[in-house]
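Please look over the structure shown below, together with its sequence.

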Amino acid sequence: MTVAGRRAGIAAILAGGVVLALNMGLRQTYGLFLEPMTTALPVSHTAFGLAIAVQNLLWGALTPLFGAAADRWGTGRMLAVGAVFYSAGLVVMATAQTPVGIHLGAGILTGIAVAATGFPLVLAAVARSVPEARRSTALGLATAGGSIGQFLLLPGTQGLISGLGWPAALLGLALLAAFILPFAIPLRGRPMRAEGSEQRLGEALGEAGRHRGYLLLTGGFFVCGFHIAFVATHLPAYVTANGLAPLVGATALGIVGFFNIIGTFGFGWAGGRWRKKHLLCGIYLARAAAIGMLLVVPFTTASVFAFAAVFGVLWLGTVPLTSGLVGDIFGARFLATLFGIVMFSHQIGAFFGAWLGGVSVDMTGGYEIIWLLAIALSLLAAALHAPIADRPVERVAPVAQ
């Protein structure tokens, strides 16, 4: 690889990390607004949870479309569109007075924004900027950016809410979302067709649809979305409902973000050395164990922080492994689109994780039944990943570097 190529690869990794830091960091703060907004406005927990659920579902439904658009017209353009929608969604959320405003800002506009600035687009741009031998590590580094954003933005946002109020905090986040625009530049461009490969998008979709491993991977990623959306949206409220201070919940999500930096880089590195499907099985089994421990040990600040640390290591470690596995099997040509479809399954799971958490509180007064469901889904995901056939398909040639 030339010096210029190495520099472009490093720039893509760094820019991808920043974009994902803003993409995921901003979105993860929404759970901090649940209690203050439902207290100040005529909005129930179920309504707020449904808005976040719609956001996640829309994010998932549009991700393959934005992925295909990025494959055709370039990643930079799609990221710019996403930045505009992100800022607009946060402004609408800040001025909302009814559930309709919450659904428009936190749900629809943010859902579009996250789809246009999310993992499939960014990681596909990173993947085509580095040699195949270094791809898994590069994906782990870029994914870690999302964790850094979560680690920095959650405590900072809680401070803004406490000091200035939730509307001002949301306006501050809207301004921050605009910083996605300059970092879209190193990620611009689109994948080139590999020499000797005439495969088109429709053929790639048909090939993936007939691949049993791809279908299992798509089903398993549903569980990841359920876990992340439920914890990110409802952990702060769960903490306060059990008698701890709101800052404990915000700090816990920040700890998740910090340890996710270790987890995403570590699993990205490990994915280049061991079979990714085995690592994914391990992640889901470990999540089940972590949730089980949270439910059985005494509920204290220390136990919450310990859970956050363990769950943080496992938080987005699935992303470089899952996207890397799609790339291993099918190549990088249509990675944004194919991983976007897998991401749709993730966001269907996220819809149910965010929504059912709110329903559980309004109907039963607590979250215990959803925690138990999360454990059962972890075990199911581990079982789905074990039989995945992870060898490359022969007719898809790798993208020329």
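## Cysteines

Cys 281 is buried, at a relative accessible area of 12%, where buried means under 20% relative accessible area with a 1.4 Å probe and protein chains only. This is a predicted model, in which local features need pLDDT of at least 70 and side-chain atom pairs count only at pLDDT 80 or more, while totals for chains, interfaces and linings use all residues. Residues are numbered from 1 along each chain as its sequence is written, and side-chain values use heavy atoms, with hydrogens and water left out.

The whole structure holds zero disulfides, a disulfide being a pair of cysteine sulfur atoms within 2.5 Å. Cys 224 is in none, the nearest cysteine sulfur being that of Cys 281 at 14 Å, which is too far for a bond. Cys 224 is buried as well, with 0% relative accessibility.

## A buried lysine

Lys 276 belongs to helix α13 (residues 276–296), helices being DSSP runs of H or I with at least four residues, numbered from the N terminus. Lys 276 is buried at 8% relative accessible area, and its side chain makes a polar contact with that of Asp 328 at 2.6 Å.

## Nonpolar core

In the largest nonpolar core, of 134 residues, Phe 33 and Trp 371 touch the most other members; helix α11 (residues 212–241) contributes the most, with 16 residues.

## Confidence

The chain averages a pLDDT of 86, and 94% of the residues score at least 70, on a scale of predictor confidence from 0 to 100. Over residues 396–401 pLDDT stays under 50. Where pLDDT is low, the predicted coordinates should not be read in detail.

Key: A nonpolar core is a set of buried Ala, Val, Leu, Ile, Met, Phe, Trp, Tyr and Cys residues joined through side-chain atoms within 4.5 Å. Buried means under 20% relative accessible area, exposed over 50%, partly exposed in between (1.4 Å probe, protein chains only). Helices (H or I, at least four residues) and strands (E, at least two) are DSSP runs, numbered from the N terminus. A polar contact is a pair of N or O atoms within 3.5 Å; within protein, one must be able to donate a hydrogen and the other to accept it, and residues adjacent in sequence count only if both atoms are side-chain atoms. Contact means heavy atoms within 4.5 Å.
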